[in-house]
Amino acid sequence: IILSWVLIAHFATASSGDNAVLEIFMPGVTVTSYDQYMTHAVKIPSKYAGWFIVGVEPRASQEVVHHMLLYACDEANENIGNGSMGKMCKHSDNKVMYGWA
């Protein structure tokens, strides 16, 4: 099975009311077992510093993806992206910002 999903994050500023949409893609990966966890870290562009996530739209089929978690970290653990499921954040506790199941 080739796995791919998209998470659409809606950002907004508190002061000016500006908003933006960021698509976060899980690259196509090959799943080798029925209940395999996959991880992927994405650095949010610096132009969104100080903005807030005000909405999230998962774009995935529940027949293939059974849940998604969106974490916030100052710096991701260097093992993220190789399928490991441990501590997501390098220097802080995992902060779950959004969950879909």
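Ile44 lies in the loop that runs between β2 and β3 (52-59), where strands are DSSP runs (E, at least two residues) numbered from the N terminus. The structure is a predicted model, in which local features need pLDDT of at least 70, side-chain atom pairs count only at pLDDT 80 or more, and totals for chains, interfaces and linings use all residues. Residues are numbered from 1 along each chain as its sequence is written, and side-chain values use heavy atoms, with hydrogens and water left out.

With a relative accessible area of 34%, Ile44 is partly exposed, given that buried means under 20%, exposed over 50% and partly exposed in between (1.4 Å probe, protein chains only). Residues up to four places away in sequence aside, Ile44 touches Phe11, Leu22 and Ile24, contact being heavy atoms within 4.5 Å. The C-alpha atoms of Ile44 and Ile24 are 9.3 Å apart, although 20 residues separate the two along the chain.

Two aromatic pairs were counted, for which ring centres of Phe, Tyr and Trp (its six-membered ring) must lie within 6.5 Å, with planes under 30 degrees apart taken as stacked, over 60 as edge-to-face and the rest as tilted. Phe11 and Tyr48 are stacked, at 4.8 Å centre to centre and 15 degrees between the planes; this pair links strand β1 to the loop between β2 and β3, across 37 residues. Tyr48 and Trp51 form an edge-to-face pair, at 5.4 Å centre to centre and 80 degrees between the planes. Tyr48 counts as buried because its relative accessibility is 10%, whereas Trp51, at 22%, counts as partly exposed.

Key:
Helix = DSSP H or I, 4+ residues; strand = E, 2+ residues; numbered from the N terminus.
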